[in-house]
Amino acid sequence: ELAKGVNKHVREKYSGDVEASWINTVVEIAPHQCTKAAALEKIIALQGIDRDQVYVVGDSGNDISMFQNFQAHSYAMEHAHDSVKKFARYTIKKVHHLRRILIDNEVIS
């Protein structure tokens, strides 16, 4: 709860200057717009990748930007905090479970 509170304070006080996220007892601070989603957007543009082919998986606050920008194929890990999981479209228990989705075309709800 302390890290969550510190994260909230940093985001409110330095909004527009930094990106902040938290997981467990760690608060991560990066320059504004320096997010995983921004990095993926750059890679997609440089490589000419179809964004509908991008699947994102994460378990912490720094993954929320990916979940928001790639909502259709966003997967939170089951162990993630509820405040993170709510941004992903799906929840999975293990990363290797994506095989069923990506290769076997299994549909999850």
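Does R51 count as buried, partly exposed or exposed, and what is its relative accessibility? At 33% relative accessibility, R51 counts as partly exposed. Here buried means under 20% relative accessible area, exposed means over 50%, and partly exposed is in between (1.4 Å probe, protein chains only).

Before we go on, keep in mind that this is a predicted model, where local features need pLDDT of at least 70, side-chain atom pairs count only at pLDDT 80 or more, and totals for chains, interfaces and linings use all residues. Residues are numbered from 1 along each chain as its sequence is written, and side-chain values use heavy atoms, with hydrogens and water left out.

Now for the overall layout. You'll find five helices and five strands in the protein, and they come in the order α-β-β-α-β-α-β-α-β-α as you read along the sequence. Helices (H or I, at least four residues) and strands (E, at least two) are DSSP runs, numbered from the N terminus. Of the 109 residues in the protein, 32% are buried. One of the buried residues is W22, with a relative accessible area of 14%, and W22 sits in strand β1.

Side chains of opposite charge can pair when their charged atoms come close. A salt bridge is a side-chain nitrogen of Lys or Arg within 4 Å of a carboxyl oxygen of Asp or Glu, and the structure holds three of them. In one, E41 pairs with R51, and their closest N and O atoms are 2.8 Å apart. E41 belongs to helix α2 while R51 is in the loop between α2 and β3, so this pair ties together parts that are ten residues apart in sequence. E41 is partly exposed too, with a relative accessible area of 28%.

Another salt bridge joins the side chains of K36 and D63 (2.7 Å, N to O). This pair links distant parts of the chain, since K36 is in helix α2 (residues 36-47) and D63 is in the loop between β3 (56-58) and α3, 27 residues apart. D63 is buried, with a relative accessible area of 2%, whereas K36 is partly exposed at 35%.

That leaves D82 and K85, whose side chains meet in a salt bridge at 3.5 Å, N to O. Both residues lie in helix α4, three residues apart, which is about one turn of the helix. D82 counts as exposed, at 56% relative accessibility.
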